[in-house]
Amino acid sequence: MVRITTPELADAFINEQIEALRKQIGDGKVLLALSGGVDSSVCAALLIKAIGKNLTCVHVNHGLLRKGEAEQVVDVFRNHLGANLVYIDATDRFLDKLAGVSDPEQKRKIIGAEFIVVFEEEAKKIEGVKFLGQGTIYPDILESNGVKAHHNVGGLPERLGFELVEPVKLLFKDEVRVVGKQLGLPDSMVFRQPFPGPGLGVRCTGAITRDRLEAVRESDAILREEFAKAGLEGKVWQYFTIVPDYRSTGVKDGKRLWDWPVVIRAVNTTDAMTATVEEIPWPLLNKITQRILAEVKGVNRVLYDLSPKPCATIEWE
Ligand code: XMP
């Protein structure tokens with residue numbers, strides 16, 4: 001098969017897929033869980049071109065997304081691509097279910113299971129849906145028997161009995177990006193760094209609390225902003241912050257503090273099986289530290305994780 005490496009090849013692929021999708025779907029209705037990740041976004045954009053309003057995208061905000069992410073999905077798909085988009089803010093449902101749960105795998109299972117429940121509820125509200133759109137890509141088929149699920153999260157409702165529609169299932173990630181760009185998706189979506197399904201939930205280690213989750217979200221936003229300003233966006237493979245569930249003493253304005261540390265993680269890899277640590281220039285590290293200490297509530301220390309994979313994993317949970 002020809003690899004899609006140029007805008008011209010992407011155009012040809014898009015036209016071919018539009019025809020194939022129309023043939024498969026006819027005037028049927030398609031439902032798609034839109035996470036805002038590259039794969040589901042490209043799949044949705046293709047389906048919008050092919051069948052327009054007969055596609056309903058459902059964006060479930062589990063409350064564990066990065067700052068501005070849900071807003072971007074709504075803006076791009078509803079306002080720019082004219083999609084039929086259902087936005088569900090299920091933050092409270094997820095955080096209530098996760099309250100007091102500290103085991104990482106248990107957290108993942110709860111997030112995955114609740115996601116399916118929320119999605120199913122929405123699916124039942126829409127009449128006459130026969131198809132489920134899914135951004136399965138070729139590595140998903142190679143790695144996990146064709147199930148779009150990682151680490152116990154996802155794996156959409158087989159029990160809904162929908163026929164699958166998977167227009168990018170023979171593409172590799174780099175090809176999906178070329179197609180996404182050609183479909184007019186913004187670079188921030190198309191070249192987005194990998195983000196785990198359970199989101200910030202695995203970076204707010206142990207039992208998630210709303211205040212510590214906010215510290216993860218705010219510190220992550222500062223890190224991303226400073227990396228972008230320094231021209232590192234798209235050059236470093238993955239970077240984010242973690243807020244562990246323990247405190248240490250600090251001092252501010254003559255008062256003793258008992259607050260959390262923020263840990264910075266920035267790694268490079270080709271396949272996520274091994275990873276090396278990015279050498280962040282000292283002035284940049286210092287600037288990020290100062291901003292986090294000044295702007296993020298409940299934080300009194302900033303640390304940089306220098307551990308490669310192995311023996312540390314990329315995520316902390
Ligand atoms: P680790 O921590 O295993 O991460 O070195 C390797 C890559 O996988 C991502 N990751 C996940 N992705 N659901 C996902 O969709 C998950 O539960 C999950 N856990 C880790 C991680 O961000 C890194 O890119």
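Hi everyone, let's start with a piece of the fold: β1, helix α2 (residues 38-51) and β2 make up a right-handed β-α-β unit. Keep in mind as we go that this is a predicted model.

Let me stay with β1 for a moment. How many of its five residues are buried? Four of the five, across residues 29-33, so this strand is largely enclosed by the rest of the structure.

Now for its partners. With β2, residues 55-61, β1 pairs in the parallel sense, over four bridges.

Okay, over to the ligand. There are 13 residues around it, and the ones that come nearest are R108, Q238, K309, I314 and E315. What does that shell look like by class? Five residues are nonpolar, five are polar and three are charged.

Let's go through some of the contacts. In the side chain of E315, an N or O atom sits 2.5 Å from an oxygen atom of the ligand. For R108, the distance from a side-chain N or O atom to a ligand oxygen is 2.6 Å. I314 uses its backbone instead: an N or O atom there lies 2.8 Å from an oxygen atom of the ligand. As for how covered the ligand is, taken alone it exposes 500 Å², and the protein buries 86% of that.

Definitions and conventions: Residues numbered from 1 in each chain as written. Predicted model: local features only at pLDDT ≥ 70, side-chain atom pairs only at ≥ 80, totals over all residues. Heavy atoms only, no water. Buried < 20%, exposed > 50% of the residue type's maximum accessible area, 1.4 Å probe, protein only. Helix = DSSP H or I, 4+ residues; strand = E, 2+ residues; numbered from the N terminus. Pairing = 2+ DSSP bridges. Right-handed = clockwise from strand over helix to strand, strands pointing away. Near = heavy atom within 4 Å. Polar contact = N/O pair within 3.5 Å; in protein donor to acceptor, adjacent residues only side chain to side chain. Areas by Shrake-Rupley, 256 points an atom, 1.4 Å probe, with all protein chains shown as cover. Nonpolar A, V, L, I, M, F, W, Y, C, P; charged D, E, K, R; others polar.
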